[in-house]
Each structure stands twice: as C-alpha cells, then as structure tokens.
Amino acid sequence: MRPVIFASKCLGFENCRWNGMILHSEIVELLRPYVDFISACPEKEIGLGVPRAPVRVIENSKGVFLLQPSTGLDLTEKMDIFSAAIIKTLKKRAVDAFILKEGSPSCGCKNVKHYAKAEQKNTTTKSFGLFGQKITENFPFTALEDEGRLTNFTIREVFLTRLFTTAAFREIRTLGKIKDLAAFQAKNKLLFLAYNETSMRKLGKLAANGAKKRAEETYKAYAEELCNVFKNPAKPGAAVNVLQHAFGYFSKEISIEEKAHYLRQLEKYKKGSLPLSAVTLLTMAYITRFKISYLLEQTFFAPYPESLVTISDSGRGRDSYR
Ligand code: SF4
C-alpha cells in the first residue's frame, strides 16, 4: 500500500509562491519514491496569479478574513468555496496525511500570523491559515503537520510511523474482513504498546470482539482509536520494556561484548541521547540474524521503510503535538 499525502504545491511541486518561487522540502523529496502525492496551491486556485501581492489573515471582532492589503480584496469567500470543493475530493480519495507550508496565511496549520487590520505591522495572535483550518477541522483523524515541524527528528519519526500504519490499516479496511483486523492488531501490538498502552488495549478489545458486531462499525471505532495512539511520541519507559522483551529472545545467542553494546544503546535511548529508531534498527539486525519470526512480524522494529530514517534534526517544535 502506497500512502497518499496531500501537500502544499509550493513544497517542491510548482513555482507557485507569491514571489514566483518554489521551496525545497526535504521530507517531500524523501517521501517521493514511497508515497503518492496530491498537491494544490489554494491561492493560485482562487485566481490569484503568480507572482502576486501577498495576502494576510485579518482577525477582528467581525471574524477571520483573508485579505490582500495592496488591492483591498477580501478573498475569504473564494477560499472557503475552494476549500469545500477540495475537501470533498480528498474525502473520496482517502488521504493518509497532510504536509502543509508552515506560516502561510492560506495553508498554515498553526503559528500563522493574524493581524487586526490590513495595514497593521504587529501581529495580534497566531493561529491557522484559512485553508489549513478547514483541513484541520475536516480531517481530525488524519496526520497533519507543517513542513517546518517535520525537520524535527522526533516529530518526523512519529509522523512517518503514523503515516505507514494508517495506510496499512486503510488497505485492510477496504477489504472489510474482521480476521484481517485481528492480524493487523497482532503485528502492531508492540508498536501500540510503546506509544500508548491504553489505546493498545482498547484496540485489542475492538479487534477481538469485532466478529460480534458489523465489520463496518468495528473498523470505524478502530480507526478513531488508532489516531489516539500517535498523539505523542513513543514513551521511553514503554519502548524500553518492548526492547528488553525482544532482547530476551536473542540475549543468550550473542557474546558478552554484544550484550554490553546493546544495553549501552538502550541506556542512551532512555537518557534521550539516541533516537528510538537507532535502537530498533540494531534490534532488527539481531532478530533477522536469529530469524525470530514473532518479532520479525512486529511493525515496532520497522514501522516505515528504513531508507526514510534520516538523522537531521532542527529541534523545532519539539514539545508540541497536535
Ligand atoms: S503556501 Fe499554499 S497558498 Fe501559498 S504558495 Fe504554497 S501552496 Fe500556494
């Protein structure tokens, strides 16, 4: 299953920014071989040319508006109409995630500057862009990030894990068989345990009792709970428990030096000086070497293609999750 992502068009797809430029997005380039992108430029779609005079979000007692200060044009209604139309299309297409341009008065999904007046220099608050807000409201169960936050290692790791898990779930949901859901739950068990034990148990019950209810109902409830799993990064304590559980399967087969090395890496992850994927990759090497089939099936050790693991980290947005 190739995940489907909607992305702002200026992130490497077309020279459509207000100044006629295109932006390089590392995450978009990284994902190109693995996902199907759908992209659009809301400002271009509502009839603003390229290049064009910048627009800004105005927020006052009358509401929130999208204005072009140099022409005085109020573009709010046009943006609302465009948003409603594309949302309808995207709902039919089943999108697994959104990557939107950070800070854009149209596409931004957080930290967009809002002004009290068109000509005012200082911002009054920071919130959504107009299109970004509609997307956020209409896709509450879909992964959504701005490209700036995805330069942070941890945020990217959670996003990629959620993206590929959701796409795999979408595939089995299309078939609608309860036995597939039970198998999906079984192979994701350790992953869910590391991220959110409460959700893992709720999902387990849904998958186990699914046969008693209509499959469609069960899949809907499961999909809603699934998005709770990835609201936060994996909990170090829970992830360490999973890794120690895995270690038990091969610790007797390896040398004292290898054991010591493995436990050192685990300790580094606990202290926050190594990312989770560094330890899971190391574990994956052992479970492959010793052909531990139960663990090889667990997505926890390879939740997304290995070549998507990159170590770059801007540190931005470290503490906030949607
Ligand atoms: S941020 Fe959105 S509206 Fe602005 S240029 Fe990019 S795609 Fe177009």
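Q: How many nonpolar, polar and charged residues does the shell around the ligand have?
A: The model is predicted: local features need pLDDT of at least 70, side-chain atom pairs count only at pLDDT 80 or more, and totals for chains, interfaces and linings use all residues. Residues are numbered from 1 along each chain as its sequence is written. Ala, Val, Leu, Ile, Met, Phe, Trp, Tyr, Cys and Pro count as nonpolar, Asp, Glu, Lys and Arg as charged, and the others, Gly among them, as polar. By class, the shell therefore divides into five nonpolar, three polar and five charged residues.

Q: Which of the 13 residues around the ligand come nearest?
A: A residue is near a molecule or strand if its C-beta atom, placed from the backbone, lies within 6 Å of it. Of the 13 residues around the ligand, those that come nearest are Cys-10, Cys-41, Lys-101, Ser-104 and Cys-107.

Q: Which helix gives the largest share of the shell around the ligand?
A: Helices (H or I, at least four residues) and strands (E, at least two) are DSSP runs, numbered from the N terminus. Three residues of the shell, its largest share, come from residues 42-45, which form helix α2.

Q: What is the order of the open sheet of four strands?
A: Two strands pair if DSSP finds at least two bridges between them. In this open sheet the pairing is parallel, and the order is β2-β1-β6-β9.

Q: Why is one side of β2 and of β9 left without a neighbour in the sheet?
A: β2 (36-40) and β9 (143-146) stand at the edges of the four-stranded sheet. One side of each is left without a neighbour because each has a single partner strand.

Q: Which residue of β2 is the bridge partner of Ser-8?
A: β1 (residues 4-8) pairs with β2 in the parallel sense over five bridges. Within this pairing, Phe-6 stands opposite Ile-38. The bridge partner of Ser-8 in β2 is Ala-40.

Q: What is the hand of the β-α-β crossover from β1 to β2?
A: A crossover is right-handed if, with the strands pointing away from the viewer, the path from the first strand over the helix to the second runs clockwise. The chain passes from β1 through helix α1 (residues 26-31) to β2, and the crossover is right-handed.

Q: Which residue of β6 is the bridge partner of Ala-7?
A: β1 and β6 (residues 97-100) run parallel and are joined by three bridges. In β6, the partner of Ala-7 is Ile-99.

Q: Is Phe-6 buried or exposed?
A: A residue is buried if 20 or more other C-beta atoms lie within 10 Å of its own, exposed if 12 or fewer, and partly exposed in between; C-beta atoms are placed from the backbone. Phe-6 lies in strand β1, where four of the five residues are buried. Because 23 other C-beta atoms lie within 10 Å, Phe-6 is buried.

Q: Which residues does Phe-6 touch, not counting residues up to four places away in sequence?
A: Two residues are in contact if their C-beta atoms, placed from the backbone, lie within 7 Å. Phe-6 and Phe-98 are 92 residues apart in sequence and 4.8 Å apart in space, C-alpha to C-alpha. With residues up to four places away left out, Phe-6 touches Ile-38, Leu-90, Val-95 and Phe-98.

Q: Which strands are the edge strands of the open sheet of five strands?
A: This sheet has mixed pairing and the order β5-β4-β3-β7-β8. Two of its strands pair on one side only, and these edge strands are β5 and β8 (125-127).

Q: Which residue takes a positive phi in the hairpin of β4 and β5?
A: β4 and β5 (residues 73-74) pair in the antiparallel sense over two bridges, with Leu-67 opposite Asp-74. The hairpin has four residues between the strands, and the positive phi, near 75°, belongs to Gly-72.
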